[in-house]
Protein chains: 2
Amino acid sequence: MTESAQQPQKNVLIVTAHPEPRSLNAALADFAAEHLRAAGHEVRTSDLYAMKWKATLDADDYPDHPADQRLHVLDAAGRATAEGRLSPDITAEQEKLLWSDAVILQFPMWWFSVPGILKGWIDRVFTYGFAHGPGMPPPYSNGGLAPRRALASVTFGAHEPSFSDRGVHGRLKDVLFPLHHGLFWFTALAPLEPFAMYDVNEAPDDRFEPAKLEYADRLDHLFTDEPIPFRTLDGGDYDHDMRLLPDVQTAATSGPDIHLRPRG
Amino acid sequence: MTESAQQPQKNVLIVTAHPEPRSLNAALADFAAEHLRAAGHEVRTSDLYAMKWKATLDADDYPDHPADQRLHVLDAAGRATAEGRLSPDITAEQEKLLWSDAVILQFPMWWFSVPGILKGWIDRVFTYGFAHGPGMPPPYSNGGLAPRRALASVTFGAHEPSFSDRGVHGRLKDVLFPLHHGLFWFTALAPLEPFAMYDVNEAPDDRFEPAKLEYADRLDHLFTDEPIPFRTLDGGDYDHDMRLLPDVQTAATSGPDIHLRPRG
């Protein structure tokens with residue numbers, strides 16, 4: 001706590017997505033909120049199930065969209081964002097994101113991705129004109145929602161080895177690449193290494209105390225840990241077709257790792 | 001059409017997820033249905049927006065679950081599946097899947113994944129006891145929902161090079177790894193190479209005719225194309241912790257490709 005108390009006060013948004021208020025996910029979200037507040041930070045929470053968050057993007061998200069006109073999602077979202085005429089539930093979430101210095105997504109891994117309700121939060125809130133789009137810095141740069149940070153805190157039924165480098169499910173970093181790189185880093189939310197809790201279907205209550213200690217350490221470093229070092233699109237490594245230049249040296253021969261900056 | 005007509009008649013389920021009935025996604029789904037029917041196949045469609053599909057998994061999915069009891073999703077889903085007491089909308093989709101010889105997911109890529117409503121279909125329909133679980137063959141094997149096939153037909157606002165081997169968004173195969181490997185192959189739906197249509201925000205109507213020709217060719221080979229050759233979990237390549245054995249040769253040094261069988 002001593003170390004945390006030396007950090008300047010920051011604002012943290014915690015987004016949770018589990019249908020059971022007594023779930024481990026809810027407990028982890030509560031623990032994070034308490035721990036961060038004790039360290040002097042401000043915390044707001046979007047408990048998507050409690051909010052009965054509308055998980056499905058549709059024309060109702062853009063109230064001025066004419067009912068008889070074909071819905072082009074990017075156009076309609078961009079226009080509603082520019083005119084301040086998004087559905088109020090979306091606007092409220094965008095305001096929380098703008099208020100925040102860091103966002104934590106707390107969710108159970110369902111079918112190797114976020115739950116549908118959380119995907120619907122992503123689809124509806126990260127609108128064209130808010131999180132990316134014309135007049136904004138390019139994606140994968142230090143523009144967009146920078147200098148904010150983002151942490152995925154994820155629970156798994158699976159065992160940890162199955163998500164390891166040679167685990168059958170794929171490396172956790174590869175499974176989360178669409179979230180870490182495609183959402184967070186695309187919109188310039190600096191992605192932190194995820195916090196993962198495995199085997200949660202087997203006596204999770206027994207394992208909550210050690211997990212809390214580990215999570216507390218991650219939360220204490222929420223604003224000091226080095227983010228995943230993805231390359232910037234405008235940093236000279238990519239061509240005008242957004243391909244990595246042939247002479248750029250990569251840590252891996254293929255796969256998501258080629259988009260990491262060499263360390264050191 | 002000659003070649004298609006020689007195929008035995010099969011059953012195809014097309015699941016679509018776009019809010020606009022006049023969208024390119026809807027047109028691709030209609031085209032696929034017509035083309036497959038003309039080739040003698042049976043087609044059923046789950047148009048998730050038209051069905052007002054409930055995108056959020058919750059306790060209502062398991063009507064017998066006691067309201068005062070903590071919801072463990074895996075347990076509750078497994079029990080409801082075993083007892084034939086799932087919410088009727090889920091049962092109807094499971095029956096369509098069991099009826100099908102192939103399933104096509106037609107969706108716009110939103111934030112490097114499926115739309116929320118489609119993620120909710122996956123979360124709710126692929127229950128424990130139906131798509132995986134005790135008494136069933138191991139995941140990533142030829143059990144589960146085998147011998148069915150699965151095809152993702154995806155539209156993108158982005159340009160194709162940005163999803164190429166060195167594209168900034170990641171290779172399409174890596175971005176779709178959670179779907180292809182984590183959902184399809186996990187449940188023994190043999191995953192086919194995706195059908196992709198790029199640049200759809202730029203004059204998509206002009207590009208629909210050539211896209212239809214390309215898609216028709218893919219549909220003609222829906223039951224003959226070689227699936228993505230992922231390894232089987234019970235084929236001797238993985239240890240009891242579900243890790244690839246150290247002496248197993250891999251095409252890549254890291255990343256999703258290590259789970260591919262060597263070709264030829």
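How much area do chain B and chain A bury between them? The legends below start with that interface and then move to single residues.

Figure 1. Chain B and chain A bury about 5500 Å² between them, and 59% of it is on carbon and sulfur atoms. Buried area here is the accessible area (1.4 Å probe) that two parts lose on being put together, summed over both. Trp111(B), Arg166(B) and Val168(B) supply 17% of the area that chain B buries against chain A, more than any other three residues. The contact (heavy atoms within 4.5 Å) takes 72 residues from chain B and 72 residues from chain A.

**Figure 2. Polar pairs across the interface of chain B and chain A.** You will find 28 residue pairs in polar contact here, both partners at pLDDT 80 or more. A polar contact is a pair of N or O atoms within 3.5 Å; within protein, one must be able to donate a hydrogen and the other to accept it, and residues adjacent in sequence count only if both atoms are side-chain atoms. For salt bridges (a side-chain nitrogen of Lys or Arg within 4 Å of a carboxyl oxygen of Asp or Glu), the count between the two chains is 0.

**Figure 3. Helices on the side of chain B that touches chain A.** At least two residues of this side come from each of α3 (73-82), α5 (116-125), α6 (172-175) and α7 (177-185) of chain B. The largest share, 6 residues, is supplied by α5(B). Helices (H or I, at least four residues) and strands (E, at least two) are DSSP runs, numbered from the N terminus.

**Figure 4. Chain B laid on chain A.** A turn of 180° with a shift of 0.0 Å along the axis places chain B on chain A with an RMSD of 0.0 Å. The two copies are thus related as by a two-fold rotation axis. Both copies use the same surface, since 100% of the contact residues of chain B recur in chain A. The superposition is by least squares on the C-alpha atoms of residues with pLDDT of at least 70 in both.

Figure 5. Pro147(A) sits in the loop between α5 (116-125) and β4 (149-155) of chain A. In chain B, the bond from Ala146(B) to Pro147(B) is cis, with omega near 0°.

**Notes on the model.** Residues are numbered from 1 along each chain as its sequence is written, and chains are lettered from A in the order in which they are written. In this predicted model, local features need pLDDT of at least 70 and side-chain atom pairs count only at pLDDT 80 or more, while totals for chains, interfaces and linings use all residues.

Technical notes. Heavy atoms only, no water.
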